[in-house]
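Reader: I'd like to learn how to read the spaces in a protein model. Could you walk me through it?

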Amino acid sequence: MSSTAAAPPIRPSDYLALDALLSDEERDIRDTVRAFVRDKVVPNVGEWFETATVPLGELAPELGRLGVLGMHLEGYGCAGASATAYGLACMELEAGDSGIRSLVSVQGSLAMYAIWRWGSEEQKQEWLPRMAAGEAIGCFGLTEPDAGSDPGSMRTRARRDGSDWILHGQKMWITNGSASAVAVVWAQTEEGVRGFLVPKGTKGFATQDIHRKLSLRASITSELLLDDVRLPADAVLPEVSSLKGPLSCLNEARYGIVWGAAGAGRACYEAALEYALERTQFDRPIASFQIQQQKLAEMVLEVNRATLVAIHLGRMKDAGTLRPEHVSLGKLGNVNGALEVARSARQVLGANGVTLEYPVIRHMNNLESVVTYEGTADVHALVIGGAVTGIQAFR
Ligand code: TGC
Ligand code: FAD
C-alpha cells in the first residue's frame, strides 16, 4: 500500500467516513432536517417530554413545509424522495426525539402509505395533499387491548348494512390518535381484514389519551373507541382485504425505525463523548480512563454499524430488493444496539445522566417503546429465525 498524502484524522462524528457513501443531494436533505431538529426540536423537547405535551398543531405544518410527511411517496403533494433520503430524514428526526420520528412515521409510512397504496383515487385526492402539508394528521389503528403481536386475532369488526359499513371495536396504543383528522382503522370483515377511513367527529367514534407513560412522552398515544360507527361505502380502502394491508404499511414504518434508531444512538454517543471530555475527576477528564474509553469505543462501533446497515437497507429498498425479513434484521439489531448505547451513555454522564438537562435518559426511555412497537424484538427475532431455518415459530 502506498500513500503520498497524510491520511485525514478520524472524525469522531463520522468514524467510518460514511458520509462518502451519500450523494450530495442526500447530504443536503440530511443537513436540512438536521438543522430543523437543532432549531425546533432540541431546544424544546426536554420540556415537551417532562410535561408530556407536543405542539402538534405547530409542528405538523412545519414538518409539512420541510417535506418529510409522506416524503417517499409519489404525487399528491408528496416529495417523491428516495428511500435512502427518507431514511436519512428519520435518522435526524430521531436524533432529536423518537416521538418526533414517530409522528412522521405514523403520518407518512402508516396512515398516508395505507391510503396511497390501498386507497381509491378519491381517497388519495381527499387526504394525501393535506396530510403531506401537515394540515391533517392521521393515525393507524391496528393494535387492540387483546391483539398486539398477533393482529390477526383482532376483535374489531365491520359489517355491511345496505351500502354502509358498521364498525365496532377498540384500538389501543394509537400514536397521534386524539390529534388525528382521520384514523385508518383495520377491522375483520366477512371478506377478510379491511381498512377504513374514519374522520374525526364521526358519530360513535371517540378517543381517549393514554397517560402516565414514562416513554415517548413527547408523543400522543390514544385509545380509539368505535361504537357502531356508521360509515359510507367509500370509507373502505378498496384495494386490500387481508392482513397484508396493515403489514405492508408496517414494512415502511419499520424501515424508518432502522434509520431512526441509529440516530437516537448517535445522539447518545455524542452526548457521552462531549461529557467525558469535559468532566474532570481525579484531576483528569473521565475520557482519559480506560473504562470510559471502552464504553465510547463500543458506542461508536455500534452507531457506525447501525448506520451502515441502514444505508445498505436503503440502497436495497431503492433498488427494489428489500424484503420484510431484511427490515426485521435492521429493526432488531439497530434498536437493540441503540438501547445498549443509551444505557452505556447514561452511565458515562453519572448523576447528570438521569436528568432531562441531557438527552440520554429521554432517548433511553423512548427506545423502550421503539423496541416494542412496530413488532417487538421477539417478533423480529422470530421472523429472522423463520427465514434462516425455514420453520415458522410464532404458533
Ligand atoms: P401471516 O399469516 O404470515 O400473513 C398474513 C398475510 O399478510 C401477509 N404478510 C405480509 N405482507 C406484507 N408485509 C409483511 N411483512 C407481511 N407478513 C405477512 C401474508 O403474505 C399474508 O397475506 P395473504 O394475502 O396471504 O393473507 O401473518 P401472521 O398472522 O402469522 O403474522 C405474522 C407476524 C407475527 C409477523 C405479524 O402479525 C406481525 O408483524 N406482528 C407484529 C404486529 C406489529 O408490528 N404491530 C405494529 C402496530 S403499528 C405500530 O406499532 C405503530 S408504532 C408508531 C411508530 O411507528 O412510530
Ligand atoms: P404482546 O403482543 O402482548 O407481547 C407481550 C410480550 O410477549 C412481548 O415481549 C412479546 O415479544 C412476547 N410475545 C408475543 N408473541 C410472542 C411469540 N409468538 N413468541 C414469543 N414471544 C412473544 N399500535 C398501533 O396499531 N398503532 C400505533 O400507532 C401504535 N403506537 C404505539 C405507541 C407506543 C408508545 C407503544 C408503546 C405502542 C404502540 N402501538 C401501536 C402498539 C404496539 O405495536 C404493540 O405494543 C406491539 O405490537 C406489541 O403488542 P403488545 O404490547 O400487545 O404486546
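**Around the ligand**

Author: Start with α6, which gives the most to the shell around ligand 1, with 6 residues. Helices here are DSSP runs (H or I, at least four residues), numbered from the N terminus. A residue is near a molecule if one of its heavy atoms lies within 4 Å of it. This is a predicted model, where local features need pLDDT of at least 70 and side-chain atom pairs 80 or more, while totals for chains, interfaces and linings use all residues. Side-chain values use heavy atoms, without hydrogens and water, residues are numbered from 1 along each chain, and chains are lettered from A and ligands numbered from 1 as written.

Reader: Which residues come nearest to ligand 1?

Author: Ser102, Asn251, Arg254, Glu374 and Gly375, of the 23 around ligand 1. A polar contact is a pair of N or O atoms within 3.5 Å. Here an oxygen atom of ligand 1 is 2.6 Å from an N or O atom in the side chain of Ser102, and one is 2.8 Å from such an atom in the side chain of Arg395.

Reader: How do I find empty space?

Author: Rolling a probe the size of a water molecule over the atoms shows where it is left. On a 1 Å grid over the protein atoms alone, a cavity is a set of points where a 1.4 Å probe fits but cannot get out; lining residues have an atom within 4 Å of a point.

Reader: How many cavities of 30 Å³ or more are there?

Author: The count comes to 2. About 40 Å³ of space lies in the largest cavity, and Ala261, Glu302 and Asn334 are among its lining residues.

Technical notes
Polar contact = N/O pair within 3.5 Å; in protein donor to acceptor, adjacent residues only side chain to side chain. Helix = DSSP H or I, 4+ residues; strand = E, 2+ residues; numbered from the N terminus. 1 Å grid on protein atoms, 1.4 Å probe; cavity = no way out; pocket = protein on both sides within 12 Å on 5 of 7 lines; lining within 4 Å. Points joined across faces, edges and corners; volume = space filled by probe spheres on them.
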